[in-house]
Every structure is written in C-alpha cells, then in structure tokens.
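Please read it with the coordinates open.

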Amino acid sequence: MDCDDRTPSSSDAIENKTECEAFKSPVCLIVLGMAGSGKTTFVSKLNSYLRQYKRAPYLINLDPACKNMPYTPNIDIRDSVKYKQVMKNYGLGPNGAIVTALNLYTTKFHQLMDLLGKVNVENSHDIAVIDTPGQIEVFTWSASGQILTESLASTFPTVVVYVMDLERSTSPITFMSNMLYACSVLYKTKLPFIVVLNKSDIVDPTYAIEWMHDFEAFCDAVENESSYMSNLTRTMALTLDEFYNELKCVPVSSLTGHNFDEFFKMVDAAADEFQKEYRVEWNKLRKEKLQTEISQLNKKLDDLAVSSGEGEPVPLFTSLSAGREISDIYLAPNADEMSGDSEGEEEPGFNVND
Ligand SMILES: Nc1nc2c(ncn2[C@@H]2O[C@H](COP(=O)(O)OP(=O)(O)O)[C@@H](O)[C@H]2O)c(=O)[nH]1
Ligand SMILES: [Mg+2]
C-alpha cells in the first residue's frame, strides 16, 4: 500500500501500522526547559497564535503540580493523578511526588497514544503540544519521560522544543550550562531539536546569538568573569561549536508572540527532517530493542524450562512484525482451557503468529 493512500479507520490502526504507514500527523512538540523558563506561557501563546489561523493545537499537560493553567488542555495529568495526594500517600516531598505522579501516569500512556491516533484519523489537529513539568530532569531523566518520548517518536513526527530563558542566561557560565543541558537532551532524545530563546521582550537576544556564532566573543565575555570555572567554560565552548553549527535557534517572546511565525517555519522544516532522516533511525532502534527484549524473554523461558526439568528448550518466537510491542503480546491459553473459562471475556489481543 502506498503511504499516502492509507486510510486508518480506528485506533487499532496504530497497532497495525507498518513502517511505511508511519503516521504523518499530528506533529508532536515536546516542550522542555528549566523551571521558570516559560514553557507553559510558551504553550499558551502557541495555542492562541495557531487559533488565529484556525489550526488549534492538541494540548497535553504533563505537569501535575501546575496551579494556574493559562490554557485548557485536551489531556491533563491532573485529571488522573493528584500530586498532593501522592505526597501524602507515599510520604514524599514536592519533587519526589512529581516524579512519582508522572511514573504512575505511564499506565495511561497507551490511552494518550490512542487519543492522538484518533486525532490522526480524524485529521482534527495537525500539531500536538506536550507541556512538561517545571523541573526538566523529571521528564528527561525519568523512565516515564523516556517511555513517552519513544512512544511518540515511533508513531508520529516528533520534535523537541527546548525553551531557554534569555533573562537568566546573560552570564556566560549560566549560558554554557544551559546549552550543555540542551546538548545532552539532544543526544539523549535523538530527535529534531529547536532552541527557543524566550523572553526576548525583556532581554535583547543578540548576545546569545553572538555567543553561539562567534567563539571569540564568547571567550571575551568569559574573560570578564572572575570565576575558577572560566577555563572549563572556554574548553566546553570549543566542544559545543559543532553543536551550535547544526542548532536551530529562534528568539521569541511568549508574552507578545513575537517571532512565532519564524518558529513555525522551523517546526515545518523539523517535521520534514524527522520523516526523511530520523524516522528510519527510530524504526531501526525500535526493532533492535524489540529483538533484544525477545532474546531476553526467550532466555528466561529457556532457563525456566530447564530448571523445572522439562527437557530441551524450544524457542518461543524470534521476531515481531513492525509496530508491535512485547507488551502487546499475551500467551493465549489453549483451546480446551479457553472453552472451559466462563469468567468474563478476554480483552482482544493478538497471537504471536498473527
Ligand atoms: N516577560 C516575559 N515573561 C515571560 C515570558 N515567558 C514566560 N514568562 C514569565 O516567566 C514566568 C515562568 O513562566 P512559566 O510559563 O510558568 O514557566 P515554566 O515553569 O517553564 O512553565 C511567568 O511569570 C511568566 O509570566 C516571556 O516571553 N516574556
Ligand atoms: Mg510550566
């Protein structure tokens, strides 16, 4: 079947897709950044900006601790997990509770993916935006953040938007640490990446752009810092030079909406880049991961069979068709057992030989 001819008609279509049929929309924007950099304000402005053009985005809030939400999300983690309750129940502080709330929410991720699949089928939104918790590491260094990023990227064109606070990065050393963080997120997610230099209404972004493109200018700024870190910063700046060359970077104001048109041009280019370059890599990584999981599972089953004295191990299965996860598989009881089972209906699953 030609990719462009596909007409997925239900959420099952997500599970049954082949590599060729990878969905083209919505383009998912994962918004990351340090606490207070302006992620939520950015998402809110992005919403009002797109609505002007009748392109309402599909909004997902994953910050369980967000109090005053300036936009109405289509999916909100706060509807499912009460993080104050998590604090009480597990005896955790605010940060621990946010991480735990996100981990608990992973059990809902398949529903989230189903809903995005419906958005694709109905073609109702061409962009989905994911607002993440205030503390960046909650998302980038947690299993739940990784699971969601991988689920999105293996199904939809996915772009990371890194929001950087121009006001707080005027010191070259802070700027450098922020950029190193951005760099680590880029290498960890392996996804198209856009750096949004936010709050350009209060601080002129020229300094940041100059530091990224002119190593000498950055070194001059470091010279003025009487910090023992400056030598390290200079060395790091050299290392980051290549990162800057490839980096897509846009100054915006989430308060006024300045330069959002430029930002969307970058999103279009990044979504194209995803389809042309990243998709293949993601499919490859996903396949390798599945194969490793299958081998581990087979080994466990072999060990189990040997230790219970059941003779020579027989491999159960060796490969999965594209688009299927180990977690999608259950081993159906044999026909005799099934016919005798009167305790409710089985969830529809699929057989390994499907
Ligand atoms: N002046 C100005 N303030 C901003 C901008 N973006 C965000 N803010 C402010 O920065 C603070 C933190 O923003 P918020 O969106 O909650 O940050 P988050 O923790 O990254 O979600 C709020 O007081 C916002 O009003 C901007 O572009 N310009
Ligand atoms: Mg926020």
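The points below go from the whole chain to single residues.

1. Basis. This is a predicted model, in which local features need pLDDT of at least 70, side-chain atom pairs count only at pLDDT 80 or more, and totals for chains, interfaces and linings use all residues. Residues are numbered from 1 along each chain as its sequence is written, while chains are lettered from A and ligands numbered from 1 in the order in which they are written.

2. Overall make-up. The protein chain holds 13 helices and seven strands. Helices (H or I, at least four residues) and strands (E, at least two) are DSSP runs, numbered from the N terminus. Of the 354 residues, 32% are buried. Buried means 20 or more other C-beta atoms within 10 Å of the residue's own, exposed means 12 or fewer, and partly exposed is in between, with C-beta atoms placed from the backbone. Among contacts with a separation of 6 or more, 76% join residues 24 or more positions apart. A contact needs C-beta atoms, placed from the backbone, within 7 Å.

3. Ligand 1. The shell has 16 residues, and Gly 38, Lys 39, Thr 40, Thr 41 and Ser 254 come nearest. A residue is near if its C-beta atom, placed from the backbone, lies within 6 Å of the molecule. Helix 2 (residues 39-52) gives the largest share, three residues. By class, the shell has three nonpolar, ten polar and three charged residues. Here Ala, Val, Leu, Ile, Met, Phe, Trp, Tyr, Cys and Pro count as nonpolar, Asp, Glu, Lys and Arg as charged, and the others, Gly among them, as polar.

4. Helices 3 and 4. How do the axes of helix 3 and helix 4 cross? The axes of helix 3 (residues 83-90) and helix 4 (residues 94-105) cross at roughly 110 degrees and come within 9 Å. Axes are lines fitted to C-alpha atoms, for helices over the stretch in contact, with angles from 0 to 180 degrees between N-to-C directions. The two helices are therefore roughly perpendicular, a label for 65 to 115 degrees. Tyr 83, Val 86, Met 87 and Tyr 90 of helix 3 meet Pro 94, Ala 97, Ile 98, Thr 100 and Ala 101 of helix 4. The residues of this contact are eight nonpolar, one polar and no charged.

5. Ala 97. This helix 4 residue counts as buried because it has 23 C-beta neighbours inside 10 Å. Leaving out residues up to four places away in sequence, Ala 97 touches Tyr 83, Val 86, Met 87 and Leu 92.

6. Helix 10. Phe 218, Ala 221 and Val 222 are buried in helix 10 (residues 215-223). They cover an arc of only 100 degrees around the axis, so they sit on the same side of helix 10. The arc is that of the directions from the helix axis to the C-beta atoms. The face turned away from the buried side carries exposed Glu 216, Asp 220 and Glu 223.

7. Pro 26. Pro 26 lies in the loop between helix 1 (12-16) and strand 1 (27-33). Pro 26 is buried, with 23 other C-beta atoms within 10 Å. Pro 26 and Ser 124 are 98 residues apart in sequence, yet 8.8 Å apart in space, C-alpha to C-alpha.

8. Backbone check. Asn 123 has a positive phi of about 55 degrees although it is not a glycine. Asn 123 is in the loop between helix 5 (109-122) and strand 4 (127-131), and is exposed.

Key: Parallel < 35°, antiparallel > 145°, perpendicular 65-115°, else oblique. Contact = placed C-beta atoms within 7 Å.
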